[in-house]
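Here is a short briefing on side-chain contacts. Please keep the structure open while reading.

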Amino acid sequence: MIKKIVLIALFLVFSVVSFSQIPTGYYTNAEGKTGAGLKTALYDIIKGHTSISYSELWTAFKTTDKTSSGTVWDVYSNCTFTFGANQCGNYSGECDCYNREHSFPKSWFGGEVAPMYTDLFHLYPTDGYVNNMRGNLPFGEVTTATYTSGNGSKVGTCSYTGYTGVVFEPVDEYKGDFARSYFYMVTRYENVIATWPGCDMIDGTQFPAFTTWARNMLLKWSTNDPVSQKEIDRNNAVYDI
């Protein structure tokens with residue numbers, strides 16, 4: 001049952017990614033497959049995407065992460081940032097500037113390694129100070145926080161069953177977004193995941209890729225925070241790029 005749910009979540013990720021631009025026959029080779037076979041079929045469909053440079057992310061964010069009022073859509077804080085003008089830079093506190101957050105930390109896949117390093121599906125513009133507080137911590141759930149950002153994101157000891165390390169908990173509004181970003185990452189890069197330094201969330205296998213506690217938590221997040229119009233629009237913008 002867990003495997004079936006994981007793959008349903010994965011399929012939803014890619015259905016959203018190409019919601020309005022899906023080419024005819026795009027998913028033909030994935031039809032009728034389940035489990036690891038479906039995950040690999042999805043990998044074969046999406047591998048070899050156009051890779052942009054790290055500096056080009058600033059421009060890409062203007063399309064992928066813009067609010068209706070034209071400001072930066074920051075998922076880690078309630079700050080108001082203007083594209084370009086508020087790029088980090090130096091910062092001493094929250095709301096000083098925004099930077100390029102690897103929601104799936106770069107240290108987990110070996111640092112500045114292409115194309116993971118600039119893959120927009122897991123990169124978000126976020127408050128620089130909050131991003132620094134998150135560092136390369138796993139995502140998790142926190143009962144007693146040692147730090148809380150302006151929008152309610154937390155750092156603290158994990159209270160989710162199966163893990164007791166220090167984690168970063170995003171707010172409920174974006175938990176599903178991040179869960180689906182993570183399902184994407186272990187699918188798009190299933191051919192190299194065994195070579196990654198890794199972290200406490202992934203187990204180094206192609207399937208199911210995640211440790212049990214992480215998989216269960218991400219599935220819960222994906223269920224409790226269904227796909228929003230914001231996520232559809234963002235994924236379509238990334239797909240266009």
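Which side chain meets that of Lys175 in a salt bridge at 2.8 Å, N to O? The partner is Asp172. The model is predicted. A search of the whole structure finds eight salt bridges, and two disulfides are present. Aromatic pairs number 24.

**Salt bridges**

- Lys175 and Asp172 are three residues apart in helix α5 (residues 172-188), which puts about one helical turn between them.
- An α-helix has 3.6 residues a turn, so residues three or four places apart point the same way.
- Asp172 is exposed, with a relative accessible area of 56%.
- Lys175, in contrast, is buried, at 7% relative accessible area.
- The side chain of Lys175 also meets that of Glu169 in a salt bridge, at 2.6 Å, N to O.
- Glu169 is buried, with a relative accessible area of 10%.
- Through shared partners, the salt bridges join Glu169, Asp172 and Lys175 into one network.
- Elsewhere, Asp44 and Lys47 form a salt bridge between their side chains, at 3.4 Å, N to O.
- Asp44 is partly exposed, with a relative accessible area of 41%.
- Lys47 is partly exposed too, at 42% relative accessibility.

**Helix α3**

- Helix α3 covers residues 57-64, and its buried residues are Leu57, Trp58, Ala60, Phe61 and Thr64.
- Seen down the axis of α3, these buried residues fall within an arc of 155 degrees, so they line one face of the helix.
- Thr59 and Thr63 are exposed on the other side of α3.
- What do the buried residues of α3 pack against? They pack against β1 (98-102), β2 (123-127) and α7 (229-240).

**Aromatic pairs**

- The structure has 24 aromatic pairs.
- One of them joins Trp58 and Tyr98 edge-to-face, with 5.5 Å centre to centre and 80 degrees between the planes.
- This pair links distant parts of the chain: Trp58 belongs to helix α3 and Tyr98 to strand β1, 40 residues apart.
- Both Trp58 and Tyr98 are buried.
- Phe139 and Trp221 form a tilted pair, at 6.1 Å centre to centre and 50 degrees between the planes.
- Phe139 lies in the loop between α4 (128-134) and β3 (142-148) and Trp221 in helix α6 (residues 212-224), so the pair ties together parts 82 residues apart in sequence.
- Phe139 is buried, at 0% relative accessibility.
- Trp221 is buried as well, with a relative accessible area of 2%.
- Ring pairs link a cluster whose members include Phe139, Trp221, Tyr124, Trp108 and Tyr182.

**Charges over rings**

- Arg234 lies over the face of Tyr124, at 4.0 Å from the ring centre.
- Tyr124 is also one of the residues in the ring cluster.
- Lys230 lies over the face of Trp73, at 5.2 Å from the ring centre.

**Disulfides**

- The sulfur atoms of Cys79 and Cys95 are 1.9 Å apart, in a disulfide.
- The S-S torsion of Cys79 and Cys95 is about -80 degrees, so this disulfide is left-handed.
- Cys79 and Cys95 are 16 residues apart, and each is in the loop between α3 and β1.
- Cys79 is buried, with a relative accessible area of 8%.
- Cys95 is partly exposed, with a relative accessible area of 43%.
- Cys88 is joined to Cys97 by a disulfide, S to S 2.0 Å.
- Is the disulfide of Cys88 and Cys97 left-handed or right-handed? The torsion about its S-S bond is about 90 degrees, so it is right-handed.
- Cys88 is buried, at 17% relative accessible area, and Cys97 is buried, at 2% relative accessibility.
- With the bonded cysteines numbered in sequence order, the pairing is 1-3, 2-4.

- Cys158 is buried, with a relative accessible area of 6%.
- Cys199 is buried, at 18% relative accessibility.

Definitions and conventions. Residues are numbered from 1 along each chain as its sequence is written. This is a predicted model: local features need pLDDT of at least 70, side-chain atom pairs count only at pLDDT 80 or more; totals for chains, interfaces and linings use all residues. Side-chain values use heavy atoms; hydrogens and water are left out. Buried means under 20% relative accessible area, exposed over 50%, partly exposed in between (1.4 Å probe, protein chains only). Helices (H or I, at least four residues) and strands (E, at least two) are DSSP runs, numbered from the N terminus. The arc is that of the directions from the helix axis to the C-beta atoms. Contact means heavy atoms within 4.5 Å. Rings of Phe, Tyr and Trp (its six-membered ring) pair if their centres lie within 6.5 Å; planes under 30 degrees apart count as stacked, over 60 as edge-to-face and the rest as tilted. A charge sits over a ring if NZ of Lys or CZ of Arg is within 6 Å of the ring centre and within 35 degrees of the ring normal. A salt bridge is a side-chain nitrogen of Lys or Arg within 4 Å of a carboxyl oxygen of Asp or Glu. A disulfide is a pair of cysteine sulfur atoms within 2.5 Å.
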